[in-house]
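Here are some short notes to read alongside the model. Please keep the sequence and the 3D view open as you go through the points.

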Amino acid sequence: MPIDPLVLTFALGVAARLARSDLRFPEPVYEALSIYLLLAIGLKGGVELSHQPLSHVALPALFAVFAGFALPFILFPALRHVVGLTRTDASSVAAHYGSVSVVTFAIATAYLQQRGIPAESFMPVLLALMEAPGIIAGVILARSGGTAGAPVFREVAANKGIVLLAGGIVIGWIIGSEGYAPLKPLFGDLFRGLLALYLLELGLVVGGRFADLRRAGMRLVTFAVITPLVMGATGVGLGSWLLGLSAGGAVLFGVLLASASYIAAPAAMRMAVPEANPALGISAALAVTFPFNVFINIPLLVLLGGML
Amino acid sequence: MNVTTHRRCQLTIIAEYVLEEKLIVLARGLGAHGYTVHEVRGGSFSADGERRREGAGETDRTIEMKVISERAVAEQIAQQVLDQFGGNFSVRVLLAEVEVFRPGMY
């Protein structure tokens with residue numbers, strides 16, 4: 001099996017950054033690419049969803065919300081007592097890991113497609129549903145059991161990732177395959193190419209984050225590797241046995257639990273818990289967990305999914 | 001050409017991108033008549049190494065906001081910004097005298 005070009009473009013970005021190349025994406029291009037990717041994933045999920053009764057999605061959707069909310073509470077004690085972070089820092093990092101990474105999901109989907117492994121078409125719905133609960137749980141943890149205030153909830157819910165993913169799903173569900181056909185050349189056929197371009201930029205960002213890891217410490221780096229490994233395997237198991245998903249669907253559910261947010265969570269936690277050190281969560285999620293998932297964990301989870 | 005100008009203060013706030021909306025609300029609430037915002041890149045040098053805010057990706061973006069107003073308004077905004085955000089966020093605040101042509105706009 002040839003090496004995935006998506007992985008290679010990401011590696012090129014990292015290498016370019018480490019070599020101090022002058023390669024840089026203009027901010028508006030990066031912004032446009034991320035809007036495109038979010039909307040494309042949402043639209044495709046919505047179109048697929050229009051082909052089946054919503055009742056099929058209800059149980060996985062409910063469980064996904066529950067899992068996203070529960071994850072920070074599970075990780076918090078380890079961050080607090082094993083990694084040795086303060087309460088606010090531990091809450092902030094836990095929120096990053098409770099939320100999800102859209103790009104990791106997109107890479108996993110492409111990885112499955114390349115190998116001809118089918119997955120449930122409603123998986124992007126679970127992705128959209130899992131963006132916010134982990135962040136809200138992180139805020140609750142930081143406020144020592146208090147509740148997340150309305151302004152924080154509004155900021156999380158109005159985050160562009162959720163607006164575009166959920167909005168895309170609703171539009172895709174309304175227009176169905178027929179309405180999607182004229183959009184497919186842009187949002188379907190070009191998707192992998194533009195994702196590769198986005199990953200090149202993400203590689204540049206990740207390459208610039210490695211220096212932060214020295215300050216974050218080995219314990220947090222270890223946490224950022226072990227968490228996706230354990231949560232990913234747990235997700236594949238739960239997806240297969242509890243939710244009755246196909247092998248591909250279980251792998252994607254595992255990827256959702258294994259991935260950590262580096263777009264929605266950092267911005268939301270920065271505002272909700274400003275005392276927390278913002279570099280910890282972003283560095284762990286982006287410089288360790290993201291590449292670990294892309295290079296090692298996704299292939300491992302696919303292997304595991306095939307065995308169950 | 002003999003043009004009449006009027007003295008005002010230009011308040012420049014360099015801050016984390018996530019603060020943009022809060023800063024706008026604050027400036028408006030304290031009597032500013034308007035503002036401009038654009039994204040910038042920059043960094044700082046500390047004992048443990050260089051810390052860059054490059055605007056790389058989503059995570060490290062920085063804005064520069066400018067408000068031109070009467071000195072009293074500018075000082076009040078500056079004080080509030082430092083009180084509310086100075087402790088936990090990357091914020092720099094500068095004040096400079098400028099000359100404007102249409103004083104009613106500031």
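1. Among contacts in chain A between residues at least 6 apart in sequence, what percentage join residues at least 24 apart? The share is 86%. Two residues are in contact here if their C-beta atoms, placed from the backbone, lie within 7 Å.

2. Before going on, note that this is a predicted model, in which local features need pLDDT of at least 70 and side-chain atom pairs count only at pLDDT 80 or more, while totals for chains, interfaces and linings use all residues. Residues are numbered from 1 along each chain as its sequence is written, and chains are lettered from A and ligands numbered from 1 in the order in which they are written.

3. Chain A has 15 helices and 0 strands. Helices (H or I, at least four residues) and strands (E, at least two) are DSSP runs, numbered from the N terminus. The radius of gyration of chain A, 18 Å, is close to the 19 Å given by the globule rule for 308 residues, so chain A is as compact as a globular protein of that length. That radius is taken over C-alpha atoms, and the rule is 2.2 Å times the number of residues to the power 0.38. The C-alpha trace of chain A spans about 50 × 45 × 40 Å along its principal axes.

4. In chain A, 54% of the 308 residues are buried. A residue is buried if 20 or more other C-beta atoms lie within 10 Å of its own, exposed if 12 or fewer, and partly exposed in between, with C-beta atoms placed from the backbone. For chain B the buried part is 25% of 106 residues.

5. Chain B contains 2 helices and 6 strands, in the sequence pattern β-α-β-β-β-β-α-β. Of the contacts in chain B with a separation of 6 or more, 71% are between residues 24 or more positions apart.

6. Four strands of chain B form an open sheet with antiparallel pairing, in the order S2-S5-S1-S6. S2 and S6 (91–100) of chain B are at the edges with a single partner strand each, so one side of each has no neighbour in the sheet. Two strands pair if DSSP finds at least two bridges between them.

7. Within this sheet, S1 (residues 6–16) and S5 (residues 62–69) of chain B are antiparallel and joined by 8 bridges. One bridge pairs B:Glu16 with B:Thr62 in S5(B).

8. S2 (residues 36–40) of chain B is joined to S5(B) by 5 bridges, also antiparallel. B:Glu39 has B:Ile63 in S5(B) as its bridge partner. Among the 5 residues of S2(B), the number buried is 0.
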